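Have a look at the sequence and the model, then try each task before reading its solution.

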Amino acid sequence: MALNNTYDARPVQQETAVGAGAQIVLLSLLGTAIGMGTAGWLTGLAFAFGSWAVLSRALHRSRLPSFGPANRVTLGRATLVGGVTALVADSFRSAPPVSLLVGLTAVALILDGVDGKVARRTGTSTALGARFDMEVDAFLILVLSVYVAMDLGPWVLLIGGMRYVFVAAARVWPWLTAPLPPSTARKTVAALQGVLLLLAGAHLLPRAANAAVAALALGLLVWSFGRDVLWLRRRPRTTAAPPVRYGNSSLSEPPRPTLPDTAWHGMARHGTASTKRSRRRGASTTGEL
């Protein structure tokens, strides 16, 4: 009797559809409350459908039997991040209510500490979940840096863009993909990025003080990045295994590139899933997003 190995993706795909629907509902509420313009609507809708498409594809590839409670929390955070993204895009037309932007961002940052605990307590840790969590956090930091940069200058974009630059650099220098040892300082610097950017963007302090707060965030990030890059640069390189010979030919296939442990530096944890597993979901570095 043949075994039935078919995979029904409909249950988990329905969860992503619900997330996209919730995003549209949030955009409608924001549009009604503040009269959001075309830029905000288009950006928010692009985020909703883009995140739905990427997450749906990742779920299909990972073949998860269920979406899981921790991923639902992360999906809720993604919905809030989509709202923040729409508000920031709309701020190029007119300044959004600061209290609304700060409120959505603060809840998203608080929930970042919830999904990991839910994953551990329910035993639903997955590589996809860890990667999903990290990408949501990274995008939120990027959006916040864009918002703060409109007031303080383009140099603030270095905070949000540094993680993506590092990912690109790791494809050129593979030694950057090596795992890093645990570090409390790294985790502290990472956690402070969102808090400091939110403080600078809340306009509670004078402009000079806001600039100092953003500069502190950038300085800490550069220090943490620099320290770990030096550690990776100085660590011994492993010798590549000799090619496997088949008859008169030799075949040697290089390992598939993975995102570096430092790729997530400064956004939530320093690195991809292998570093984040100490507090998130215990996943490998091979993300599915």
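**Exercise 1.** Are Arg77 and Asp112 buried or exposed?

*Solution.* Keep in mind that this is a predicted model. Step one: buried means under 20% relative accessible area. Step two: Arg77 and Asp112 are both buried.

**Exercise 2.** Which residue forms a salt bridge with Arg77, and what parts does the pair tie together?

*Solution.* Step one: the partner of Arg77 is Asp112, with the closest N and O atoms 3.7 Å apart. Step two: Arg77 belongs to helix 3 (residues 69-90) and Asp112 to helix 4 (residues 98-122), so this pair ties together parts that are 35 residues apart in sequence. Step three: look around the pair, and you will find Arg77 and Asp112 linked with Asp115, Asp133 and Asp137 in a network of salt bridges.

**Exercise 3.** Where do Asp151 and Arg207 lie?

*Solution.* Step one: Asp151 and Arg207 form a salt bridge whose closest N and O atoms are 3.6 Å apart. Step two: Asp151 sits in helix 5 (residues 127-152) and Arg207 in helix 8 (residues 207-234), so the parts they tie together are 56 residues apart in sequence. Step three: Asp151 is partly exposed because its relative accessibility is 29%, and Arg207 is partly exposed at 49%.

**Exercise 4.** Is Asp228 buried or exposed?

*Solution.* Step one: Asp228 has a relative accessible area of 4%, so Asp228 is buried. Step two: Asp228 meets Arg227 in a salt bridge of 3.9 Å, N to O. Step three: Arg227, at 33% relative accessibility, is partly exposed.

**Exercise 5.** How many salt bridges does a search of the whole structure find?

*Solution.* The search finds eleven.

Note on methods: Residues numbered from 1 in each chain as written. Predicted model: local features only at pLDDT ≥ 70, side-chain atom pairs only at ≥ 80, totals over all residues. Heavy atoms only, no water. Salt bridge = Lys/Arg side-chain N within 4 Å of Asp/Glu carboxyl O. Helix = DSSP H or I, 4+ residues; strand = E, 2+ residues; numbered from the N terminus. Buried < 20%, exposed > 50% of the residue type's maximum accessible area, 1.4 Å probe, protein only.
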